[in-house]
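Please view the sequence and the structure below before reading on.

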Amino acid sequence: MPRTKTENRPATSAASLSGLLRQYFGYGSFRPLQEEIIRDSLAGRDVFALLPTGGGKSLCYQLPALARGGLTVVVSPLISLMKDQVDALTAAGVPATFLNSTLEPAEERRRVQGLREGRYRLLYAAPERIMMPGFFDALAGWNPAMLAVDEAHCVSEWGHDFRPEYRQLRELRTRFPALPLMALTATATERVRADIVQQLALRDPRCYVASFNRPNLSYRVLPKSTPYAQVLAFIRARPNESGIIYCHSRKTTGDLAARLGADGVPASPYHAGLDAPVRAANQEAFLRDDIRVVCATIAFGMGINKPNVRYVIHHDLPKNVEGYYQETGRAGRDGLPAECLLLFSSADAVKLRRFIEEKPDPQERQVAEEQLRHIQEYAVSAACRRAHLLGYFGEQQAAGNCGGCDNCLDVRTACDCTVEAQKFLSCILRIRQATPSFGASVSHIAAVLCGKNTKLIRQWEHNAVSTYGIGKELGHDNWEAVGRELVRLGLLTQGTDKFAALALTPEGEAVLRERRSVMLALPPQAPPETESARRPKAGEITCDEALFEALRVLRRRIAAERDVPPYIIFSDVALREMARSYPADEAAFARIPGVGRLKLAEFARAFLEEIAAFLADNPRLDFPGRTMLKPTPAAAAAKLNGSSTQTLELVRKGMPVAEIAKTRGFAVSTIYSHIEAALRAGVAVDIDRLLPPSLQACIADVFDNLPATHGMKEIEAQLRGRADYGQIRLWLAARAAAARE
């Protein structure tokens, strides 16, 4: 029978919103600004929300969809993101669907029928689908209650990822003027924010701009010397973690992925030149943890909802700060520590300038040059990188050490580099005297000082200048670092043309002429390999790492059975909290962040068994600030329902399980489940009166000799009828109870 449409409801109370948050998403509190955004939306206001990646944008329209009823339509730019979001919502018990080109006609008709019948609270669709003829008429019959435009920066020509089809979304406001409209993004300057409001015709919107700061991300820039070796060393130092490597060219992504694969790192390329099925397969393999690394162009990422990306490496210099911020933002979406490494070379900047010179529009060239200048300034800066990023977006970082970037963590000791500075400055003058029309870059000066035999040096006969080869002892990378520091100190200027030509400033000429001393603070040359393990980081959750790995294996097995990515089951945060607090029963398990009502019912038993089995062979560890999630005696008694209590009374009287089942009119398996519930709640039960010690020893022997990834079916099969399912579960519960004592 068709389900009737749910009428729109008024905004709910704070208690109701908190209840929905706990019930469906498993969280006890909102993140900054979420509740305010949700309340304004429920009150019928238009809202503009800028929240950083990982700041919980999706919840801002998902929770109102549950609180108000009707259908919330979400404009989403990528097909992969739609499926990802819908999978996660379905796993949490939220009725959601998507419409896109991947659906077979029969499946699409089924979903449309469900929309007509009011079976869904959320619908995800791309802007192209929404603007198709007939869509607005169909939507009008689906009881729409709210419109949400995700990745709203795509609507602005001033943004870094402008998409013309987003401009047409203004028609949503014309066709559905009474519906509240929400625009959300993670990356937008003040100019882009104003353009979004104008282009989407938001009416007197409430604007929320959260901090751009991502405390759990650490930022590091290294001179790009031997990029593959640098990348490989970085990845090998993080053997169990997932990461993204961004490259400029499609060829580089393919070459890099192939070399990593040959060196034992599961990696795949991703770029627009690959066939769509190949791209989709590579992305899916990454989401499911079948590969650890994706080597990608900027075509990869906007739709990636994978929360446990632990690092992002920029193999090449990004085009602008906005893109860099958004790409690094794909790391650590779960709030756990993540690392962002940029390999910087002035040669990359030269390549980008050449591309900029090819742009036919003078205004486009000007904007691109300005953007490139900003990202270069970030790369060569000796100041706090976090403060630099925040300042770009108009936010001021609190003074002091940020504790999360190389310039703050690696205290550079300034040393007397007067001789090195004089050599570098002098080399520029000698080349200018020999070839006045030649504009020398930092990299070229470094090559001359090192005495390299490059084509450019031979062509311009710079191997004949007096400074050729006078700095062989320092090395090319170090000379580049000297050059960048001289630019930063104002002793040199760097041109904005495609050659990035260097020139001495009056201060630089004075240093050379008057032999003034020069103090330089040079950056380190090696990538951090084990640095992350030595220093506590923002967002870090210390836990039993061995148990965490065991839980990851279990999560992956369950995810494979359900054909979803592992993080759909539980996030790394949830697993770390489990491995930190060792929950012993469902009441304790329900207090783990991310455990909503449906996930508690579906997954608690499997994870509690895994934890109990682990503790049977391993001692608990203690962690600073850890609170054990175990029930008090009062909580244990309160947790048992009346039926379980009656069964327990008969057990204590010494009545056999089969007789209890007959007396109470239940199946034997139900009686075992009552006793199991009592054990997991912390109630004392004499297990020897229910399971003969010989049978317990038999179960223990099978259990201990199975691999760590075993399940109940494997135990039962190995026992060959000597114990049934209920007895095995009872033994596991008793073992877990003994481990807790």
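In which hand, left or right, does α25 pass α27? The crossing is right-handed, a term for a near helix turned clockwise from the far one by less than a right angle, with anticlockwise giving left-handed. The model is predicted, with local features requiring pLDDT of at least 70 and side-chain atom pairs counting only at pLDDT 80 or more, whereas totals for chains, interfaces and linings use all residues. Residues are numbered from 1 along each chain as its sequence is written, and side-chain values use heavy atoms, hydrogens and water being left out.

Helices (H or I, at least four residues) and strands (E, at least two) are DSSP runs numbered from the N terminus. Axes are lines fitted to C-alpha atoms, for helices over the stretch in contact, and angles between N-to-C directions run from 0 to 180 degrees. The two helix pairs are listed here.

| Helix pair | Axes come within | Crossing angle |
|---|---|---|
| α25 (residues 545-562) and α27 (residues 572-581) | 9 Å | roughly 135° |
| α19 (residues 418-434) and α23 (residues 506-514) | 10 Å | roughly 110° |

Angles under 35 degrees count as roughly parallel, over 145 as roughly antiparallel, 65 to 115 as roughly perpendicular and the rest as oblique. The helices α25 and α27 are therefore oblique to each other. Contact (heavy atoms within 4.5 Å) is made by E545, L547, F548, L551, R552 and R555 of α25 with D572, L575, R576, M578 and A579 of α27. These residues comprise six nonpolar, no polar and five charged; Ala, Val, Leu, Ile, Met, Phe, Trp, Tyr, Cys and Pro count as nonpolar, Asp, Glu, Lys and Arg as charged, and the others, Gly among them, as polar.

By their angle, α19 and α23 are roughly perpendicular to each other. Here Q422, L425, S426 and L429 of α19 meet G508, V511 and L512 of α23. That contact divides into four nonpolar, three polar and no charged residues.

Seven bridges join β8 to the parallel strand β13 (residues 338-344), and S218 has E339 of β13 as its bridge partner.

N282 belongs to helix α13 (residues 276-287). Its relative accessible area is 14%, so N282 is buried (under 20%; exposed is over 50% and partly exposed in between, with a 1.4 Å probe and protein chains only). Leaving aside residues up to four places away in sequence, N282 touches S268, P269, L274 and I291.

Key. Two strands pair if DSSP finds at least two bridges between them.
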